[in-house]
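Subject: Handover of a structure and notes on what was found

Dear colleague,

Please find below the structure that I am handing over to you. The notes that follow it set out what was found.

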Amino acid sequence: MSGGDRLVVGVDIGNSTTEACLAVLGADGDVRWLGTALTRTTGVKGTPASTEGALTAVRRALVDVGRRAEELDVVLLNEATPVISGLAMETITETVITESTMIGHNPATPGGVGLGVGVTVSVADLGEHPVDEPAVVVVPPGWDFDDVAAALNAAVARGVPVVAAVLAGDDAVLVTNRLREKVPVVDEVSAVEKVPLGMRAAVEVAGPGRTIRTLSNTYGIATVFDLDPDQTRQVSPVARALTGNRSAVVVRTPAGDVTDRRIPVGVLELRGAGRTVKVDVDAGAEAIMAALARVQPLEDAHGEPGTHVGGMLAAVRDTMADTLGGADPGDIAIRDVLAVDTFVPAEVRGGLAGEIALENAVGLAAMVRTSRSRMQAVADRVATSLTTTTEIGGVEGEMAALGALTTPGVQAPVVVVDLGGGSTDAALLTADGTSTAVHVAGAGELVTKLIDSELALGDREVAELVKRWPLAKVESFFHVRHEDGTVQFFDEPLPPHVFARVVALTAEGPVPIGTRYGLDHVRRVRREAKRRVFVVNTLRALRQVAPGGELRALDFVVLLGGSALDFEIPDQIADALAGHGVVCGTGNVLGDQGPRNAVATGLVAAFAGRGR
């Protein structure tokens, strides 16, 4: 480099990714951009564990342009604010159902159609079953389908009314095809040995393309088993868990205790603006957000001890305390929350196939602001490893606004919205260079949690696939129907494991989504999760930086961050802002980076602007 030139690198440590921007600052104040780098964030953003990711990003940026760490004059780091999100259930009910046992999974090919109600009897004891009592035959593992069919046909010939069968194997269709009188048959019941014998039972199988109607209806179960109102209330979770299934079995066991243990969801206490507001989480997300608006800016939030919301916020503090090297949880302040109405899967006790019912819930994202000294620890480690000096730059939103100015066609005044993994940041940069920035809790990670929860996936990686990629239904080995209704044909057959499945159309090919829900439902859940987090958060962040809190006072909004690369979030936000007369689009930092690297680029621009 020529005399007076300085090699600097801006580093943005985000919740999900860490980005670097390398540039040469000339003696005359001009900036020559050299290159960028991107890597996954290590540890929790803003904690010493994130140092390794920062070092990796810097070294990659240097290697890409043939520079060495020894040439660096300064490393510029953002003020990283970690965000942790959790779910607090609004309606928590653990119901132990001792008066009914159910099997509600969906085998691919149950046999027969209809509803059969009778008494459970083992296939081995079928020859002794009374001829005046309808029988639901239970078949353990090891029975051949010919032998099962023969036993059922023999019982019918003897006068026993065989009304249904439950099999351990996957032979429902083979058995049904050999029966003289067709009955509903549910197979692939791995826990068939737990089915109580001698008890009243109901088996229902719907036709292809249809779902059960009686056993998924609380009053249908009440009718089958002649339940009184109190008993009907107790079996309601059974009906909810079986909704949408093609087949189901419910067995009424002897009378016993039915316990209903409720853990209260609790009261959320919000403190800020010189006052404290309490809101019952049972009131839902809208009430919580209305209470939050009355105490802005939020100074801290607490949950009622012994409740779910109290436990969730305590867990957030405990997690941060651990990542911050044993800090006192009481010293960690929650500076923003986002409440979202959602559903969470709750296991229905008494089920034999992992049945669940979706309970109403409130999802809470909590943003924790750490002290500058924590980020200083990261800066010190980076300086030691690279043998250079480090500086902690400005607020992320303000730096993102400066980075956005490198987008072709953008000039101040400008408003940017940085859509990240843990937080949504907005900043207003005026024509005279003054800026206003806010951070609000909730972004990509919360969307993933909502999708995972509402689809009962139990797998974060699968939820990420649903969030990131368009969906389709594989209708044959040679064609799929996309979520927009269009059909695509293939010259080569698709893999067998995706046949008749809802799939995510990833860059590597279709990946099956393990859910019992159909294509339209999965798409609706995905889009609603994004709307409830990103659209809601963008609007509330923009109102906090807009003059007078009025969105119509804004002209142009630039979307930045990893989530701005999403295939539908920018359009959702643009649609929401269009009604306010706001022009909205995705940024293109440095003319070639898209919405990425805005904060890292802004750190360098701010440093250059200070004439350092």
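Two residues are said to be in contact when they have heavy atoms within 4.5 Å of each other. This is a predicted model, in which local features need pLDDT of at least 70 and side-chain atom pairs count only at pLDDT 80 or more, while totals for chains, interfaces and linings use all residues. Residues are numbered from 1 along each chain as its sequence is written, and side-chain values use heavy atoms, with hydrogens and water left out.

Leaving aside neighbours within four places in sequence, G310 is in contact with G303 and E304. G310 belongs to helix α8 (residues 308-323); helices (H or I, at least four residues) and strands (E, at least two) are DSSP runs, numbered from the N terminus. With a relative accessibility of 12%, G310 counts as buried, where buried means under 20% relative accessible area, exposed over 50% and partly exposed in between (1.4 Å probe, protein chains only). G266 is 44 residues from G310 along the chain, and their C-alpha atoms are separated by 7.0 Å.

S122 is found in strand β8 (residues 114-122). Its relative accessible area is 13%, so S122 is buried. Apart from neighbours within four places in sequence, S122 is in contact with V138 and L197.

I turn next to a pair of helices. The axes of α11 (residues 444-454) and α12 (residues 460-468) come within 8 Å and cross at roughly 105°; axes are lines fitted to C-alpha atoms, for helices over the stretch in contact, and angles run from 0 to 180 degrees between N-to-C directions. The helices α11 and α12 are therefore roughly perpendicular to each other (65 to 115 degrees). On the α11 side, G444, E445, V447, T448, I451 and D452 meet R460, A463, E464, V466 and K467 of α12. The residues of this contact divide into 4 nonpolar, 2 polar and 5 charged (Ala, Val, Leu, Ile, Met, Phe, Trp, Tyr, Cys and Pro count as nonpolar, Asp, Glu, Lys and Arg as charged, and the others, Gly among them, as polar).

Finally, the aromatic rings. Rings of Phe, Tyr and Trp (its six-membered ring) pair if their centres lie within 6.5 Å, and by this rule the count comes to 1 aromatic pair. The ring centres of F477 and F499 are 4.7 Å apart and their planes are at 25°, so the pair is stacked (planes under 30 degrees apart). F477 is partly exposed at 35% relative accessibility, and F499 is partly exposed at 38%.

Yours sincerely

Key:
Phe/Tyr/Trp six-rings, centres within 6.5 Å; stacked < 30°, edge-to-face > 60°. Parallel < 35°, antiparallel > 145°, perpendicular 65-115°, else oblique.
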